[in-house]
Amino acid sequence: MRWCRQSTAATRSPALTEHAPRAEFRSRGWARADHLDGLDDWLAALRERADTLIHDPENAKWLRAGGSWYAGVNLLDNGPDGACPGGPPLPQSVLDFVAEHTGLLLDNWDAAQLSVVYPGYPRPDFGESDSSYRYRLKRDAAHVDGLHPVGPERRRHANEYHAFVLGLPWHDAPPGASPLAVWESSHHLIRDALTKQLGSLEPQQWREVDLTEAYQAARAAAFEQCERIELSAPPGGAYLVHRLAVHGISPWRAAGDPELRRAVCYFRPALPDPGLWLSPDH
């Protein structure tokens, strides 16, 4: 069965536009908004805190890809309401955007990632294999969050059960400034593959199962069958990606000022019930 439809981010099929945002998100695996009300004050606090954290020498370990990407995983010291120190919580518009697309009402936000990409991304990293660099360059280092490489052979296991991936840009970036790449509807392929491996087990047993071959086969099918979509939004906007969708960072194509950057704050809160991770309803 081919789960993945052919479409573009700018054109939606008439059938999908007749459905609610939640049905559309379940089908496509992504959503975006150019503007969400009430984000200005939150973004102001984020910018101030992010600049402090990114330039702290103790956090230099997050500079990757030959200095062209600052990964900043769980670096933001926000509270469970999403508030930066001294700043306001995430506004209701963000909570509504998430809820209307996922059906999830969350009140416990994770420590967010501060992802900053610079001109020239990706550059070869110290110690990175040629094959790994080529994959980053040609396939956007595409992956599914939560499937961690474990041990010297880097076998994939399900170690984190995110609810979704929410991106909140905090810096203006031109077209081609390493937008997020998403393989539309790929979450269906990934879910089917993982359900075959994990569906008969209790969630507390999932971490024990080697998912490497099933995951790699499903990801390869996504590359073949699913359209690659590039997602971006201006500061004050947002985009949302299904937790099982194949996604990665596009190479930098923007021309112009070498001081440009693409800066996005990513939230990946844990599901309130890990058993929902493979559910088709959220």
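Q: What do the values rest on?
A: In this predicted model, local features need pLDDT of at least 70 and side-chain atom pairs count only at pLDDT 80 or more, while totals for chains, interfaces and linings use all residues. Residues are numbered from 1 along each chain as its sequence is written, and side-chain values use heavy atoms, with hydrogens and water left out.

Q: Is His 35 buried or exposed?
A: His 35 is exposed, at 51% relative accessibility. Buried means under 20% relative accessible area, exposed over 50%, and partly exposed in between (1.4 Å probe, protein chains only).

Q: And His 101? Buried or exposed?
A: His 101 is buried, at 10% relative accessibility.

Q: How many salt bridges are there?
A: The structure has 12, a salt bridge being a side-chain nitrogen of Lys or Arg within 4 Å of a carboxyl oxygen of Asp or Glu.

Q: What does Arg 268 pair with?
A: Arg 268 forms a salt bridge with Asp 145, with 3.1 Å between the closest N and O atoms. The pair ties together parts 123 residues apart in sequence. Arg 268 is buried at 15%, and Asp 145 is buried at 8%.

Q: Which residue does Glu 230 bridge to?
A: Glu 230 bridges to Arg 228, the closest N and O atoms being 2.9 Å apart. Salt bridges that share partners join Asp 140, Arg 228, Glu 230 and Arg 253 into one network. Glu 230 is partly exposed at 29%, and Arg 228 is partly exposed at 30%.

Technical notes. Helix = DSSP H or I, 4+ residues; strand = E, 2+ residues; numbered from the N terminus.
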